[in-house]
Amino acid sequence: MKLDNKVVLITGAGGGIGQAAVRKFIDEGAKVMMADLTTEDTQSLVDDLGSDLCACVAVDVSQDDQVASMVKACVERFGGIDVFVANAGVEGEIGDIMSTDVANLDKVLAVNVRGVWLGLHYVIPVMRDGGGGSIMITSSGAGVQGSPNTACYNASKHAVIGLMRCAALEVAPFGIRVNTVNPGAVETRMMTSIEDGFADAGAGDFRAMVEAGTPLGRYGQPEEIANMMVFLGSDDSSYCTGGVYMVDGGNST
């Protein structure tokens, strides 16, 4: 197995991509600490997969003390951190820059950018002291493109690519690799929310528009994103750092 006895910490573990990643990592032999805003969904995974293989903790990734406690809980439960998946994110409101207020920007940046920075801040020393590891940040197709009515979200996903590139340079001497995973449209709660937001704004059938612009002609599945995460977490990607890995059916081509 590609991740036998490795310890993986995943934020946003209760979402569609997060849950798929938890299962894939455990299938490859890892122990997983799941973090999300509540333990409602992650505890059900513990019950299903077994407390010897995974555990869960509630955390608001925008809060310094809670992120520090999350990292401490992972180390105490499983002995270290070999792979960190900074996956927690929110989509924010759909609307143009003129009609949305600054509170929307603040909320999106707090989770999607501050949350990632805090994760890096507390995880990197643990990985350094453990001899290295792999970090991946969930960005998005929105991290490499612009689009109307999602400026806050797009800005946040561009920002974490910048964080990744800086971190990759800083931590390479410690044997730590850092990359982003950039999903396109995926069958998740977030995508349903985005579809509804565009429909409310009078934009018509958002899904049909996205699929028409995607060479593979469909939405992705959470498991397809999780496959890339397993690759980046494993030694199969041992020479990969500072990279932006698109998993978007060719939508950004």
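The lining of the second largest pocket comprises two nonpolar, nine polar and five charged residues (Ala, Val, Leu, Ile, Met, Phe, Trp, Tyr, Cys and Pro count as nonpolar, Asp, Glu, Lys and Arg as charged, and the others, Gly among them, as polar). The model is a predicted one, in which local features need pLDDT of at least 70, side-chain atom pairs count only at pLDDT 80 or more, and totals for chains, interfaces and linings use all residues. Residues are numbered from 1 along each chain as its sequence is written, and side-chain values use heavy atoms, with hydrogens and water left out.

The second largest pocket has a volume of about 200 Å³, and of its 16 lining residues, K6, G133, S134, R177 and D235 lie nearest its centre. A pocket is an open set of points, on a 1 Å grid over the protein atoms alone, with protein on both sides within 12 Å along at least five of seven lines; a cavity is a set of points where a 1.4 Å probe fits but cannot get out, and lining residues have an atom within 4 Å of a point. Volume denotes the space filled by probe spheres set on the points, which are joined across faces, edges and corners.

One cavity of 30 Å³ or more is found when the whole structure is searched. The largest cavity holds about 50 Å³ of space. Its lining is formed by T11, V61, V67, M70, F84, A86, A88, V111, G115, V116 and G119. Helix α3, strand β4 (83–86) and helix α4 each contribute at least two of the lining residues, with the largest share, four residues, coming from α4. Helices (H or I, at least four residues) and strands (E, at least two) are DSSP runs, numbered from the N terminus. Eight residues of this lining are nonpolar and three are polar, while none is charged.

Helix α4 (residues 102–130) also packs against helix α3 (residues 64–78), the two axes coming within 9 Å and crossing at roughly 40°. The arrangement of α3 and α4 is therefore oblique. Axes are lines fitted to C-alpha atoms, for helices over the stretch in contact, and angles run from 0 to 180 degrees between N-to-C directions; angles under 35 degrees count as roughly parallel, over 145 as roughly antiparallel, 65 to 115 as roughly perpendicular and the rest as oblique. In contact (heavy atoms within 4.5 Å) are D64, V67, A68, V71 and V75 of α3 with R114, L118, G119, Y122, V123 and V126 of α4. This contact contains eight nonpolar, one polar and two charged residues.

From α4, residues including L105, V116 and W117 meet residues of α5, among them Y153, V160 and L163. By class, the α4–α5 contact has 15 nonpolar, three polar and one charged residues.

Elsewhere, helix α1 (residues 16–27) and helix α8 (residues 222–233) pack at about 50° with axes 8 Å apart, and are therefore oblique to each other. G16, I17, A20, A21, K24 and F25 of α1 meet P222, E223, I225, A226, N227, M229 and V230 of α8. Nine nonpolar, two polar and two charged residues make up this contact.
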